[in-house]
Amino acid sequence: MNVTKPYNPLDKMNLGMSVAEALLARTPIPLSNIGDFTGAGIYAIYYIGEFPSYNPISIRNLGNRFEVPIYVGKAVPSGARKGGSLSSDPGEALNKRLREHAKSIQEASNLSIEDFHCRFLVVDDIWIPLGEALLIAWFSPVWNTLVDGFGNHDPGRGRHQGMRPRWDTLHPGRDWALNCQERPESAERIMADVEQYLRTNPLPIDVRGRDIGKK
């Protein structure tokens, strides 16, 4: 006997889907021209350039398709990180975070800011982690899963004893990262890992279980 599970709109997965679908319905805009706005929320960054290892990603994003983000992230109000109240003023948390990312890309010696677009969505604080978690699980973006460190901040003076992030090894240019300890693996090794990852990873699927590439 087949039993159909009742649909629960307040199930965590369904709530996360709602936020993710709202983000992906947004029209992508150049990361270099996000404008001024207030609020906290989630975002997805897309690459359309010619860096060889990212070719499978670019192909899926060219022609205004923007199907595969290279990075997904969130920006929460500063009070939320300290257990602040639910009514914390988000200020320009999301805008600031996207501008930080644009600056990191501009400082990289082998990336161009013109090759990056983004979708972003201002979201009530409580739903931000759900939306981000679902998008990362859904897409497994390369800069979230394999080439870590894109979202890192300067650890501060006297705190550069740690190892340089993979992102900065592959895309050198941020001054603070150059002060960190060199990795034992080369940029070429990381490039090979990316290419292998993109060859073997299945196509992302949307939140309703369909291959994105299928219409």
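Tutor: Helices are DSSP runs of H or I with at least four residues, strands are runs of E with at least two, and both are numbered from the N terminus. The model is predicted.

Student: Is Phe-66 buried or exposed?
Tutor: Buried means under 20% relative accessible area. Phe-66 has a relative accessibility of 7%. Phe-66 is therefore buried.

Student: Which value is phi of Phe-66 near?
Tutor: Phe-66 is a residue other than glycine, yet its phi is positive. The angle is near 45°.

Student: Is Asn-64 buried or exposed?
Tutor: Asn-64 is in the loop between α2 (55-61) and β3 (71-75). Its phi is also positive, near 60°. Exposed means over 50% relative accessible area. Asn-64 has 68%, so the residue is exposed.

Student: Which helix holds Thr-169, and what is its relative accessible area?
Tutor: Thr-169 belongs to helix α6, residues 166-170. Beyond its neighbours within four places in sequence, its contacts include Arg-164, Glu-185 and Ile-190. Thr-169 counts as buried because its relative accessible area is under 20%. So the helix is α6, and the area is 15%.

Student: What share of the protein's residues is buried?
Tutor: The protein has eight helices and four strands. Its accessible surface is about 11,900 Å², with 51% from carbon and sulfur atoms. Of its 215 residues, the buried share is 45%.

Methods
Residues numbered from 1 in each chain as written. Predicted model: local features only at pLDDT ≥ 70, side-chain atom pairs only at ≥ 80, totals over all residues. Heavy atoms only, no water. Buried < 20%, exposed > 50% of the residue type's maximum accessible area, 1.4 Å probe, protein only. Areas by Shrake-Rupley, 256 points an atom, 1.4 Å probe, with all protein chains shown as cover. Contact = heavy atoms within 4.5 Å.
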